[in-house]
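Subject: Structure handover

Hello,

Here is the structure I promised to pass on. Please open it beside this email and follow along.

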Amino acid sequence: MSIELYRDDNHVCLMFTNLIEEDGQAIQANQFLIVDNGTGAIIDPGGNIAFNELFMGMSRYFPPNKLSYLIASHADPDIIASLDRWMTSTRAQLVISRIWERFAPHFTKVGKTENRVIGVPDAGARLPLGRSELHILPAHFLHAEGNFHFYDPISRILFTGDLGVSLMTGAEAEKPVTDLGPHIALMKGFHQRYMVSNKILRMWVQMARQLRIDMIVPQHGAPIMGAKAIADLLSWLEELPCGIDLFEQSNYQLPTASIDPVSRQIRL
Ligand SMILES: [Fe+2]
Ligand SMILES: [Fe+2]
C-alpha cells in the first residue's frame, strides 16, 4: 500500500510498504516516490519481488516513463536488485555512491546502465529535482561502505536507508512512531550487528542535528515522527555501541559447528 508522507500543490512524498507477500523469507521493506513540480524520483526501489507492485502502485501517481532518477542509498539486494527491470521500463538515471558505480551494472543485462549512472562522491551533493533539490548526505558505514541518506528540504523528511530500521511486519510498519521508548527493542539488535561503529554514529548524529527534521523514514519498519522521538533517536544512536565495538577475538575462531544441509540446521 502507499502512504502519503507529505503533500502540497507542487510536492509529494509517498511511502510504499508491504508490497511483497509476507512469507517470512524476505524482510519487510519500504520504497519511496518523491515528485516535485512534475519531476519524479524513486528512492531505494527494492528487489525483484517488489518491482511489479511498485511499478503499478507508483503509476497511479506518476508515469514511470517520466521518472528522472532511481536513487540508491547503497547496493544491497533489497535496495536495487530490481535495477534491470527499472532500467528497461524507464529512462531514469541511477544515482548511487561512486564506490558502487561499477558494481551496480552486475544487476542488469549488458549495456543497460550505459551513460545512465550518476556516481556520487563520498562528500555527497545536492541533486536537482523539479524546482527543488534533494540533499544527498554522507552516511558511510551505516551500514554499507558507500552509503547515503536523502534529505528533502520541502517535506523535511530524512530518508535513512538502513539506519533507524525497526524489525516489524505488516500494518505495524505503516504507522509512524512518536514515542521512541517501546520502539528501541525493535531496533537494537539490528543496529548492533549491521551498523559499523559508534564513532561513525556519533559523527553522523553531529551532522544530522544541523537539519530541521520532521520525520526520519527508514527502509525497513516504521517512520519516526516528531521533534521528541527524533531527538531521542539521535541521542540513542549517539550512545549505542555497535559493530566492531562489540567484536572480540572470540568472534574470530576457527569454526567447529557443521551445517546439516537437509534440515538446514547448525549442529554444534
Ligand atoms: Fe542494507
Ligand atoms: Fe535494507
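**The sheet**

Six strands form an open sheet with mixed pairing, in the order β8-β9-β10-β11-β12-β13. Strands here are DSSP E runs of at least two residues, helices are H or I runs of at least four, and both are numbered from the N terminus. Two strands pair if DSSP finds at least two bridges between them. β8 (125-129) and β13 are the edge strands; each has a single partner, so one side of each has no neighbour in the sheet. Strands β9 (residues 132-138) and β10 (residues 148-152) run antiparallel and are joined by four bridges. One pairing to find: His 135 has Tyr 151 in β10 as its bridge partner.

Before you go on, note that this is a predicted model, in which local features need pLDDT of at least 70, side-chain atom pairs count only at pLDDT 80 or more, and totals for chains, interfaces and linings use all residues. Residues are numbered from 1 along each chain as its sequence is written, chains are lettered from A and ligands numbered from 1 in the order in which they are written, and side-chain values use heavy atoms, with hydrogens and water left out.

**The two iron ions**

Which residues coordinate the iron ion (ligand 1)? They are His 74 (NE2), Asp 76 (OD), His 143 (NE2) and Asp 162 (OD), at 2.0 to 2.2 Å. Donors are N, O and S atoms within 2.8 Å of the metal (3.2 Å for Na, K and Ca); water is not among the atoms, so sites may look incomplete. The four donor atoms subtend angles of 88 to 172°, which makes the arrangement irregular.

The iron ion (ligand 2) has Asp 78 (OD), Asp 162 (OD), Gln 219 (OE1) and His 220 (NE2) as protein donors, 2.2 Å from it. Its site is irregular too, with angles of 82 to 171° among the four donor atoms. Asp 162 bridges the iron ion (ligand 2) and the iron ion (ligand 1), which lie 3.6 Å apart.

Is Asp 162 buried or exposed? Asp 162 is buried, at 3% relative accessible area. Buried means under 20%, exposed over 50%, and partly exposed in between (1.4 Å probe, protein chains only). Gln 219 is buried at 0%. His 143 is buried at 16%. Asp 76 is partly exposed at 24%.

The largest nonpolar core has 31 residues; Trp 204, Ile 224, Leu 233 and Leu 237 touch the most other members. Such a core is a set of buried Ala, Val, Leu, Ile, Met, Phe, Trp, Tyr and Cys residues joined through side-chain atoms within 4.5 Å.

In α5, Asn 198, Ile 200, Leu 201, Trp 204, Val 205 and Ala 208 are buried. They cover an arc of only 150° around the axis (taken from the directions from the helix axis to the C-beta atoms), which puts them on the same side of α5. On the other side, Lys 199 and Gln 206 are exposed.

Best wishes

Technical notes:
Tetrahedral: all angles 85-135°; square planar, octahedral: opposite > 155°, others 65-115°.
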